[in-house]
Amino acid sequence: MAGKSSAGRTRAARRARWWQLTQRWRMVGVFEINTEHEFYSLTSLMKKGMQACIQATSNTEAQNTLTDEHFKTKGTQLLEGFEMHTFAAPVFATLRHSLDISEQEFINSLCPKANYLQFISNSKSKADFFLTYDKRFFLKTQSKREVRFLLSNLRRYMDHLEKYPHSLLVRFLGIYKIVIPNQLKKYFIVMQSVFYPHDRINNRYDIKGCEVGRWTDPETGGKQVIKVLKDNNFKEQSIVLGPEKSWFERQVKADTTFLQDLNVLDYSLLLAQQPLHQDELEGKHSFADLVIRTTKSLDIDDDPTHLEPSSVPLLRSRSEEVPDGAGCVPGQHQAAAEDAGEEILAQEINSPPKDTGCPIELQEFHEHHRRLLPNFKNAVHVIDGLEWRYFVGIVDIFTVYSIKKRLENLWKNLRYPGRVFSTVRPAKYSQRFCRWIHEHTQ
């Protein structure tokens with residue numbers, strides 16, 4: 001009896017220590033999933049399972065053309081004590097390749113010896129959020145319904161990214177299910193983190209374009225706290241993009257129209273700010289940087305009108321050089337360099353007049369590549385403004401306007417008459433979201 005009592009006191013003391021640690025780290029927002037954490041065993045198995053799945057397909061080349069069979073692919077890895085299932089692996093491998101993420105890079109980040117981090121979200125969902133140790137990738141548990149929704153619309157999602165390679169939609173990089181017999185079945189997805197690299201980010205916002213329930217107390221009690229603020233916290237502020245403003249608004253419109261077509265609402269714009277250093281302000285318009293960023297933004301070796309859309313890479317390696325005949329690069333690239341006091345020679349970047357040098361298909365292609373991507377691994381989610389670097393991405397795209405949401409809309413109209421809340425028809429949600437972007441962007 002004494003032994004049992006002692007063991008009970010030990011367990012109670014351990015739980016008490018863990019509770020205190022949890023409360024302390026909850027204030028910070030992220031904390032390490034160490035050996036005493038409730039999710040340590042689960043995340044350890046997740047890492048082992050993903051490593052086995054990725055290695056099993058790592059020798060498969062990225063597909064130039066994705067077929068229906070690629071979207072239906074399912075794989076299973078039988079490991080000691082559990083199973084790991086993967087879905088549409090060739091599709092996600094192709095997407096990772098387009099983002100210049102090698103399979104070895106992906107494994108190194110997702111499956112290291114270092115522990116994951118848990119992110120404490122103020123989301124109303126019951127999902128668990130994990131971050132890789134380098135904060136480059138997010139892992140989020142999903143319901144079976146949400147996974148089915150994503151898989152059933154994966155072809156449309158990929159088609160949208162092919163048409164708009166600089167889309168602000170979050171990039172899904174894998175769908176998995178872990179099965180521990182008689183214990184657990186859990187789906188989760190891997191996403192590119194919008195807030196990467198996270199150094200020097202000072203404020204983070206979750207924007208829905210409405211007011212009800214859209215305030216977070218910014219006070220931290222003097223602690224180093226990560227808080228995600230909301231719409232009402234952003235009042236009297238602006239996203240100052242300068243020349244990128246029109247591109248940004250057009251892209252948000254294209255992305256929200258796509259989500260409206262999926263009958264989706266309640267998505268958010270994740271937004272973070274980071275002050276540009278003086279050397280970044282001086283260097284980002286230099287000719288050398290312009291060439292690198294232009295190369296990242298356009299696959300200028302090939303004529304996109306003669307390629308399948310999925311064969312056009314979104315990003316290129318920094319080490320690749322700009323060829324002598326650079327194709328139809330939009331005229332603003334030349335203007336940017338001229339403003340910086342540099343002359344672009346015709347043999348270095350050939351920029352023919354828009355109405356004479358390029359067929360209409362190529363002009364449209366360039367319209368979607370007008371933004372110069374920064375030289376970051378996370379380039380699609382980074383926009384450099386005049387004085388600030390902005391991290392932007394559209395997330396949480398799984399909420400369908402179902403009968404349940406229609407009833408919620410009716411109830412909120414009665415409870416909040418005349419006020420702006422999130423649960424509205426997808427068309428209205430899209431319009432309001434775009435209006436918020438227009439009113440808060442300069």
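Reader: Where I see helix 8 and helix 14 side by side, how many Å apart do their axes come, and at what angle do they cross?

Author: The axes of helix 8 (residues 245-261) and helix 14 (residues 426-439) come within 9 Å and cross at roughly 170 degrees. Axes here are lines fitted to C-alpha atoms, for helices over the stretch in contact, and angles run from 0 to 180 degrees between N-to-C directions. Helices (H or I, at least four residues) and strands (E, at least two) are DSSP runs, numbered from the N terminus.

Reader: Before we go on, what kind of model is this?

Author: This is a predicted model, in which local features need pLDDT of at least 70 and side-chain atom pairs count only at pLDDT 80 or more, while totals for chains, interfaces and linings use all residues. Residues are numbered from 1 along each chain as its sequence is written, and side-chain values use heavy atoms, with hydrogens and water left out.

Reader: Back to that pair: are helix 8 and helix 14 roughly parallel or antiparallel?

Author: Helix 8 and helix 14 are roughly antiparallel to each other. Angles under 35 degrees count as roughly parallel, over 145 as roughly antiparallel, 65 to 115 as roughly perpendicular and the rest as oblique.

Reader: And which residues make the contact?

Author: From helix 8 the contact takes Lys245, Phe248, Glu249, Val252, Lys253, Thr256, Thr257 and Gln260, and from helix 14 it takes Pro426, Ala427, Ser430, Phe433, Cys434, Ile437 and His438; contact means heavy atoms within 4.5 Å. These residues divide into seven nonpolar, five polar and three charged. In that scheme Ala, Val, Leu, Ile, Met, Phe, Trp, Tyr, Cys and Pro count as nonpolar, Asp, Glu, Lys and Arg as charged, and the others, Gly among them, as polar.

Reader: What about helix 7 and helix 8, how do their axes cross?

Author: The axes of helix 7 (residues 154-163) and helix 8 come within 12 Å, crossing at roughly 165 degrees, and the two helices are therefore roughly antiparallel to each other. In their contact, Arg156, Tyr157 and His160 of helix 7 meet Ala254, Asp255, Phe258 and Asp261 of helix 8. By class, that contact has three nonpolar, one polar and three charged residues.

Reader: Changing topic, how many helices and strands does the chain have, and what share of it is buried?

Author: The protein chain comes to 14 helices and 13 strands, and buried residues make up 50% of its 442 residues. Buried means under 20% relative accessible area, exposed over 50%, and partly exposed in between (1.4 Å probe, protein chains only). Among the contacts with a separation of 6 or more, 72% are between residues 24 or more positions apart.

Reader: Which residues of helix 5 are buried, and what do they pack against?

Author: In helix 5 (residues 103-110) the buried residues are Glu103, Phe106, Ile107, Ser109 and Leu110, and they pack against helix 2, helix 4 (89-98), strand 6, strand 7 and strand 8.

Reader: At what angle do helix 2 and helix 5 pack?

Author: Helix 2 and helix 5 pack at an angle of about 175 degrees with their axes 10 Å apart, and they are therefore roughly antiparallel to each other. Lys47, Met50, Gln51, Ile54 and Gln55 in helix 2 meet Glu103, Phe106, Ile107 and Leu110 in helix 5. That contact has five nonpolar, two polar and two charged residues by class.

Reader: Is Glu146 buried or exposed, and where is it?

Author: Glu146 is in helix 6 (residues 144-152), and at 19% relative accessibility Glu146 counts as buried. Its C-alpha atom and that of Ile397, 251 residues apart along the chain, are separated by 9.4 Å.
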